[in-house]
Amino acid sequence: MIDIHSHILPGLDDGSQDMDKSVAMAEVAADAGVTAMIATPHCNQKRVFENYASRELQICVENFKKEIAEAGINLAVCLGAEVYATSDIIQLYREKKLITLNYSRYMLVEFDFFADLSFMEKTLYSLMDEGLVPILAHPERYAAIQEEPDSAMIWNDEGVGIQLNKGSLFGRFGRGAYHLSNTLLGSGHVSCIASDAHGAQRRTPDMSAVETLLREEFSEKTADLLLRENPERIMTNQELLTMENILRY
């Protein structure tokens with residue numbers, strides 16, 4: 001499996017607080033069958049977690065990769081970011097301050113949980129106008145999309161990637177997120193599922209349970225598409241497949 005959303009780098013945000021915890025998270029992921037991970041620290045949360053593109057971030061991920069290699073953990077790691085959407089996001093992108101997922105065309109984008117639909121739509125479409133493919137982080141957790149699920153489906157049909165959090169499928173983010181994540185899966189409007197991991201004991205990068213759930217309640221093809229095929233396509237800058245594409249055969 002490949003996990004495109006994780007807060008595994010030490011000391012950058014509300015995820016891992018030090019290298020020991022980061023290494024422990026990597027061990028949990030690898031033991032659960034995760035072979036590659038994109039580290040996505042919170043970015044553009046002004047005066048909180050800014051994490052704009054810098055040499056320091058590159059050094060952080062390289063040091064982490066060295067630590068897990070020395071620990072004998074078989075996990076490939078590359079750099080990305082979970083970019084918080086603000087009104088100046090396009091300007092920041094043009095200034096090369098925002099990091100995409102493994103430096104691809106794909107940008108993991110997060111909104112305020114109470115953002116309105118018009119701002120979300122304007123931001124997502126503006127990013128696409130820049131030649132990016134926004135991957136909408138955990139849309140099932142946004143109040144406005146819970147009220148109007150069709151919005152996420154339309155955006156997905158028009159080119160926005162949809163990333164669900166694994167915990168949402170087990171009710172760990174409330175009833176609204178649980179129901180919406182299952183609605184999006186049932187309608188075929190999901191691009192990938194990720195851990196959004198923050199620790200080794202709580203909100204972990206263990207993806208084994210969600211793989212089992214997808215295989216048992218949907219299909220083996222669904223599990224492979226959402227946990228392997230599309231995440232790999234994001235990492236390697238290839239075009240995403242839709243659930244409709246893959247399940248047709």
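1. Disulfides. Taking a disulfide as a pair of cysteine sulfur atoms within 2.5 Å, the count comes to zero. Cys43 is in no disulfide, and the nearest cysteine sulfur, that of Cys60, lies 14 Å away. Cys78 is likewise in no disulfide; for Cys78 the nearest cysteine sulfur belongs to Cys192, at 13 Å.

2. Burial of two cysteines. Buried here means under 20% relative accessible area, exposed means over 50%, and partly exposed is in between, with a 1.4 Å probe and protein chains only. Cys43 has 0% relative accessibility and so counts as buried. Cys78 is buried too, at a relative accessible area of 11%.

3. Basis of the values. This is a predicted model, in which local features need pLDDT of at least 70 and side-chain atom pairs count only at pLDDT 80 or more, while totals for chains, interfaces and linings use all residues. Residues are numbered from 1 along each chain as its sequence is written, and side-chain values use heavy atoms, with hydrogens and water left out.

4. Fold content and dimensions. The protein has 10 helices and nine strands, read as DSSP runs (H or I, at least four residues, for helices; E, at least two, for strands) and numbered from the N terminus. The radius of gyration is 17 Å, close to the 18 Å that the globule rule gives for 249 residues, so the protein is as compact as a globular protein of that length. That radius is taken over C-alpha atoms, and the rule is 2.2 Å times the number of residues to the power 0.38. The C-alpha trace spans about 45 × 45 × 35 Å along its principal axes.

5. Packing. Of the 249 residues, 53% are buried. With contact meaning heavy atoms within 4.5 Å, 73% of the contacts between residues at least 6 apart in sequence join residues at least 24 apart.

6. Charge. There are 22 positive and 38 negative side chains, and the centres of the two sets lie 3 Å apart. Lys and Arg count as positive, Asp and Glu as negative; His and the chain ends are not counted. Each charge is placed at NZ of Lys, CZ of Arg, CG of Asp or CD of Glu.

7. Backbone points to check. Most residues other than glycine have a negative phi. Lys96, not a glycine, has a positive phi of about 65°; Lys96 sits in the loop between helix H3 (89-94) and strand S6 (106-110) and is exposed at 67% relative accessibility. His138 also has a positive phi, near 35°. His138 lies in the loop between strand S7 (133-137) and helix H5 (143-147), and is buried, with a relative accessible area of 1%.
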